Amino acid sequence: MTREIVTLPVVPLHDTVILPGMVLPLRIGRRGSVRAIQRAQESGGKVLLIAEKETGEDVAPERLHRVGTLGQIVQLIRLPDGTFQAVVQGNSRVTIDEAHLDDGVIVATVAIVPEPLERTIEVEALVRGILDQLARYAELSRDFPEGAVEGARQIESPARLADAIGYIPDMTFARRQELLEIFDPIERLRWVTRYLSTQLEILETRDRIQGEVRKAAEGNQHEFILREQLKAIQKELGERGGQEVIADDLRAQVEAAGMPGETRARALREVGRLETLPSASPEVAVIRNYVDWLLAVPWSRKDAEQVDLVEAERTLNEDHHGLEKVKERILEFIAVRKLVTSKADEAARPRPRSPILLLVGPPGVGKTSLGRSLARALGRKYARLSLGGVHDEAEIRGHRRTYVGAMPGRFIQALKTAGTMNPVFVIDEIDKVGRDFRGDPTAALLEVLDPEQNGTFSDHYLEVPVDLSDVIFVATANQLDTIPSALRDRMETIEIAGYTEAEKRRIARSHLLPKQLEAHGLTIETLRIPDTALLALIRDYTREAGVRSLERELAGLARKAARRLAEGKITRVTVRGRDLDRLIGPTRFEFGMAESRDEVGIATGVAWTPVGGDVLTVEVGVMPGKGDLILTGQLGDVMRESAMAAVSYARSRSRDLGIPDGLFEKSTIHVHVPAGAVPKDGPSAGITIATALVSALTGRPVRRDVAMTGEVTLRGRVLPIGGLKEKMLAAQRAGIGTFILPLRNRKDLREVAPNVLKRMTIVPVAHVDEVLAAALLPAPSPELREVA
């Protein structure tokens with residue numbers, strides 16, 4: 001198809017697009033545009049109407065879009081200020097081939113775009129759809145001119161109908177230019193269909209939203225009018241409204257709550273605000289929730305304290321076996337409270353502040369239950385808070401009331417649960433409190449756990465002082481290292497080491513087994529577990545400082561027995577030590593045992609672990625070398641230094657110890673502590689390494705029934721150690737007959753059970769020479785050594 005080429009002046013359009021068939025008035029004021037319209041008028045009125053990409057003071061060809069409209073000047077009027085008012089009509093689309101400036105006027109050579117269109121079924125369907133959409137658009141749009149739909153129906157050309165949609169007010173300059181640049185009439189009809197569908201959806205959504213808002217506003221207004229009418233009617237009848245009744249009820253509760261003066265005034269002020277607000281106001285729920293929390297705090301309710309030392313001791317012994325030092329400290333705490341409280345009551349003075357107790361120990365040793373027993377012994381309510389994993393300071397101090405879903409902190413909630421102002425609070429897992437961008441909960445705990453400050457504890461939600469000075473706080477932790485020093489300084493630490501085997505056996509017999517029998521529907525007649533089986537269960541199937549794993553194993557035995565009894569074949573189950581392997585599987589743990597014979601270079605030591613003591617063996621081998629020292633067995637820095645100190649001591653005393661001259665220079669010494677997969681460290685293996693080393697260098701065997709503990713110095717002095725009780729229990733369990741310990745640890749023997757002390761010979765030592773004298777046997781003769 002041959003293109004028609006014309007060259008005409010251009011009138012650049014600012015933020016305006018003229019489509020074919022569109023008649024539009026233009027105000028022409030720029031010098032280049034005025035000259036262009038004058039030149040067009042002189043040559044028959046034809047002019048090119050092309051939109052600019054961006055507007056400047058002067059016209060420029062490079063700022064024009066590449067597609068425009070060939071138009072005809074219908075009317076031209078010169079205005080007094082020198083500008084022109086023109087009415088132009090778009091005729092056809094054109095594309096610019098070339099444009100240049102000619103005496104300040106843009107002159108362009110353009111090609112007229114032909115628009116042939118066959119009226120097919122698809123075209124007819126598109127036209128009808130557009131007319132229907134336009135009719136719906138006219139109904140929804142507020143700015144659509146009247147009669148425009150009828151005018152669109154009179155357009156015979158489908159291409160011109162598509163262009164006519166450019167008249168609608170909501171179409172932007174960019175969208176009109178996009179429509180102008182679609183040359184294919186069918187594609188233009190499809191574009192118009194999509195555009196009208198989008199606009200209809202927007203208008204329908206707008207009307208729906210406005211309808212909902214209008215309906216809600218009318219409903220609120222209607223409710224407000226009805227409520228005002230109801231108030232007027234009630235006033236005429238002398239009756240009170242619903243809000244007034246609620247407010248009066250809350251006032252009565254506030255007066256009866258026994259709140260302090262400042263808190264009472266705050267509560268009454270909030271009730272007054274509540275009374276003045278309409279019931280539909282969102283403030284009503286916020287204020288009502290706040291007043292309810294103020295009423296939930298037991299401001300004036302306190303339990304009468306029953307301080308009976310004999311009864312308290314009976315309660316503690318009933319709930320816990322062993323832990324004598326811990327129970328003694330709790331009884332001292334109760335005794336002091338009894339004395340100072342009675343004197344304070346006689347003198348009408350405020351009661352003294354209670355110290356904050358911190359129970360530190362491994363899991364399962366009874367820290368939480370000790371707090372419960374203290375509450376029972378004092379006749380107080382018991383409340384427990386677990387702070388493990390808490391990262392948000394608001395968990396302690398509460399949230400500000402401005403937040404959605406705000407509530408008081410955990411301590412105020414616990415007071416509400418306890419129903420009294422003087423309960424016993426057990427704060428579990430205080431060593432596992434975290435911190436992040438939401439604050440530091442441990443810093444908030446400083447106020448709660450300080451006896452000098454917690455009398456006026458401030459919760460962010462309540463915003464009134466709360467007296468926590470009558471609360472007895474008992475905190476629990478597994479370790480002290482993670483507790484900040486400032487917080488640890490506010491508490492009195494009581495360490496709980498754990499239970500001995502004998503104590504575990506008695507706890508199982510008197511507490512755990514009856515509990516599991518009742519839980520599984522058994523009795524002491526239907527399930528019998530002798531002490532030997534209990535001891536095997538403790539030694540071979542559990543390794544812990546507490547008794548939780550032991551309780552789980554007892555529960556497993558109870559389930560096995562319950563099943564056999566439920567089958568009806570037997571009436572009683574007796575579990576013996578040899579039955580454990582069949583019932584609950586093979587043994588899970590092995591404890592160190594004494595050596596089977598006296599050997600050279602092998603000494604028996606004892607170690608402390610968080611789950612009790614254990615026996616370990618130190619082996620020393622001497623081989624030809626160049627004076628090297630090899631240390632294996634995953635030894636920590638402290639044990640490695642102990643081994644070096646032992647070697648230095650042996651070298652400095654080599655003649656006195658009977659070590660051949662030059663042996664150190666010609667030998668490599670290898671110190672190994674089995675098992676190699678288990679990390680080991682600590683300061684108490686020094687004399688054990690020294691004994692094994694001297695034995696290997698002199699050929700003197702070490703007695704197999706001797707175990708020892710103690711640190712060694714370069715001069716051979718034996719330094720004290722910790723964990724003596726657990727270490728001696730491990731030695732006694734391993735069949736040790738003689739136990740060597742530092743002389744300065746002799747005072748700690750009072751913590752060891754008498755039955756353990758009776759079974760072993762205790763040898764306190766101050767120097768390594770005493771250790772060697774007690775642990776080493778004489779070197780065998782060459783004949784006997786050859787036979788061995």
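**Reading burial, contacts and surface patches**

Student: Leaving aside its neighbours within four places in sequence, which residues is alanine 375 in contact with?

Tutor: In this predicted model, and with those sequence neighbours set aside, alanine 375 is in contact with Arg380, Lys381, Tyr382 and Val424. Alanine 375 itself lies in helix α12, which covers residues 367-378.

Student: Does alanine 375 count as buried or exposed, and why?

Tutor: A residue is called buried when its relative accessible area is under 20%. Alanine 375 has a relative accessibility of 2%, and therefore counts as buried.

Student: How far apart in space are alanine 375 and glycine 621?

Tutor: Separation can be given along the sequence or through space, and for alanine 375 and glycine 621 the values are 246 residues in sequence and 58 Å from C-alpha to C-alpha.

Student: Which residues form a nonpolar patch on the surface?

Tutor: Such a patch is made of residues with over 30% relative accessible area. Here Val336, Leu339 and Val340 form one, and together they have about 250 Å² of accessible area. Valine 340 lies in helix α11, residues 324-346, and because its relative accessibility is 32%, valine 340 counts as partly exposed.

Student: Which residues gather in a patch of positive charge?

Tutor: For charged patches, Lys and Arg count as positive, and in this structure Arg715, Arg717, Arg744, Lys747 and Arg750 gather in such a patch on the surface. Arginine 717, one of these residues, lies in the loop between β21 (711-712) and β22 (718-719). With 46% relative accessibility, arginine 717 counts as partly exposed.

Key. Residues are numbered from 1 along each chain as its sequence is written. This is a predicted model: local features need pLDDT of at least 70, side-chain atom pairs count only at pLDDT 80 or more; totals for chains, interfaces and linings use all residues. Side-chain values use heavy atoms; hydrogens and water are left out. Patches are made of residues with over 30% relative accessible area and no salt bridge: like charges are joined within 9 Å, nonpolar side chains (Val, Leu, Ile, Met, Phe, Trp, Tyr) within 5 Å. Accessible areas come from the Shrake-Rupley method with a 1.4 Å probe; for residues, only the protein chains shown count as cover. A salt bridge is a side-chain nitrogen of Lys or Arg within 4 Å of a carboxyl oxygen of Asp or Glu. The place of a charge is taken as NZ of Lys, CZ of Arg, CG of Asp or CD of Glu. Helices (H or I, at least four residues) and strands (E, at least two) are DSSP runs, numbered from the N terminus. Buried means under 20% relative accessible area, exposed over 50%, partly exposed in between (1.4 Å probe, protein chains only). Contact means heavy atoms within 4.5 Å.
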